[in-house]
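Welcome! Below is a short tour of one structure, taken a piece at a time. Keep the view open as you read.

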Amino acid sequence: MRYSFSETNERLLMKSSVGSSLCFLLAAIVVGFVGLRPQGTAFVDMNYYAYVYNNIYDGVASNYSGARGEWLFYEFGNLCKRLGFSDTMYFLSIAVVYFGLMLVACWRLMRNNLFVAFLFCLASLSCFTYAVNGMRNGMACSVAMMAICLLTGNQVERVFSILLMFCAYNIHHSTALPCLCALAAMTFVKEPKFAIVFWVFSILISIVAGNAITELFVGLDFDDRMEQYANLPKEVEDMLIADQSPGNTGFRIDFLIYSAMPVLMAWYVTVKRNFQDNVYNVIATTYVLANAFWVMVIRSEQSNRFAYLSWFLYPLVIAYPLLRMDLWEDQDRKTALILFVYVGFTFFMDFVYYG
């Protein structure tokens with residue numbers, strides 16, 4: 001049966017509309033599931049955030065880094081408190097920002113395949129972890145993701161992007177890294193191939209001078225949790241410190257292999273196939289540059305927290321060319337296969353490798 005051009009467009013629009021509706025329903029379910037989770041030892045950092053929130057008017061928050069430098073996260077909690085939110089509603093609000101901005105970023109970039117794009121985000125290795133534990137970092141990175149997606153837009157969108165970067169930085173200072181990398185991608189590192197060369201070179205630097213570079217970056221205080229533990233009840237402090245797993249030190253070859261997949265995708269799309277897409281170039285270059293800095297400090301404790309400053313862009317670097325570019329024949333089937341492998345890898349790492 002033949003369809004006219006208008007009929008084909010109508011069918012595509014209807015398909016896109018149904019997918020978007022399912023996507024918003026999925027997002028609502030995920031936000032509710034994560035935001036309304038019970039407090040307990042399974043979500044270690046959650047106890048700290050709950051303690052600070054429940055004592056936000058009792059002087060405890062003045063000892064919390066957010067009340068001094070990362071003031072926007074503190075003011076967010078302050079607003080929730082003034083609205084009379086319980087700690088459960090507070091966590092639900094954080095989940096709305098975390099997943100909501102992730103969804104809006106996917107809509108901005110891949111609205112015709114929104115459901116699949118959002119699945120790539122949800123299936124990422126660190127997505128759940130930074131929804132339930134590293135919540136402040138996750139929230140800030142979602143704001144940064146939205147900022148990076150707007151950076152290639154018109155003048156008004158670029159101004160809004162800079163404002164969002166300012167917000168992300170004042171939620172968690174560590175997002176200065178991806179934001180600066182994004183600005184570099186817009187100005188003088190406009191082609192991902194240069195960032196890829198730097199990424200490869202960063203591996204050599206890490207091998208030769210990794211310990212010295214690690215000490216330098218640790219001095220920048222990207223992970224301030226130990227400072228935050230001051231003046232907390234001993235039972236909360238002990239629980240949080242116990243989460244500082246010594247198993248996350250050393251040269252993490254597993255993390256490096258995982259991080260290399262978007263680098264390979266960026267190389268294939270921009271160098272091997274020579275696709276020219278300014279939006280993708282900025283996203284891919286930002287990921288590669290930010291990840292290169294992590295590679296140089298790969299031996300540091302809890303280096304996965306530093307890695308997340310690039311990993312939050314992981315699904316966009318993978319999904320964007322699959323859903324927006326004509327890479328292969330029978331691309332729908334191959335995209336479904338890649339998504340299946342993507343989900344399977346996350347399942348294996350969470351329930352077999354780490355479990």
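Val-352 lies in helix α18 (residues 331-353); helices here are DSSP runs of H or I with at least four residues, numbered from the N terminus. This is a predicted model, in which local features need pLDDT of at least 70 and side-chain atom pairs count only at pLDDT 80 or more, while totals for chains, interfaces and linings use all residues. Residues are numbered from 1 along each chain as its sequence is written, and side-chain values use heavy atoms, with hydrogens and water left out.

How many aromatic pairs does a search of the whole structure find? There are 22, counting rings of Phe, Tyr and Trp (its six-membered ring) with centres within 6.5 Å; planes under 30 degrees apart are stacked, over 60 edge-to-face and the rest tilted. Tyr-53 and Tyr-90 make a stacked pair, 4.2 Å centre to centre with 5 degrees between the planes. Tyr-53 belongs to helix α2 (residues 44-54) and Tyr-90 to helix α5 (residues 87-110), so this pair ties together parts 37 residues apart in sequence. Tyr-53 counts as buried at 2% relative accessibility, and Tyr-90 does too at 3%; buried means under 20% relative accessible area, exposed over 50% and partly exposed in between (1.4 Å probe, protein chains only).

Tyr-98 and Phe-99 pair edge-to-face, at 4.8 Å centre to centre and 75 degrees between the planes. Both of these residues are buried.

## An enclosed helix and a buried loop residue

Helix α17 (residues 314-324) has 10 of its 11 residues buried, so the rest of the structure largely encloses this helix. Among the buried residues are Tyr-314, Pro-315 and Leu-316.

Thr-152 sits in the loop between α8 (135-150) and α9 (155-171). Is Thr-152 buried or exposed? Thr-152 is buried, with a relative accessible area of 17%. Leaving aside residues up to four places away in sequence, Thr-152 touches Arg-158, Met-186, Asn-278, Val-279 and Val-282, where contact means heavy atoms within 4.5 Å.

Key. Helices (H or I, at least four residues) and strands (E, at least two) are DSSP runs, numbered from the N terminus.
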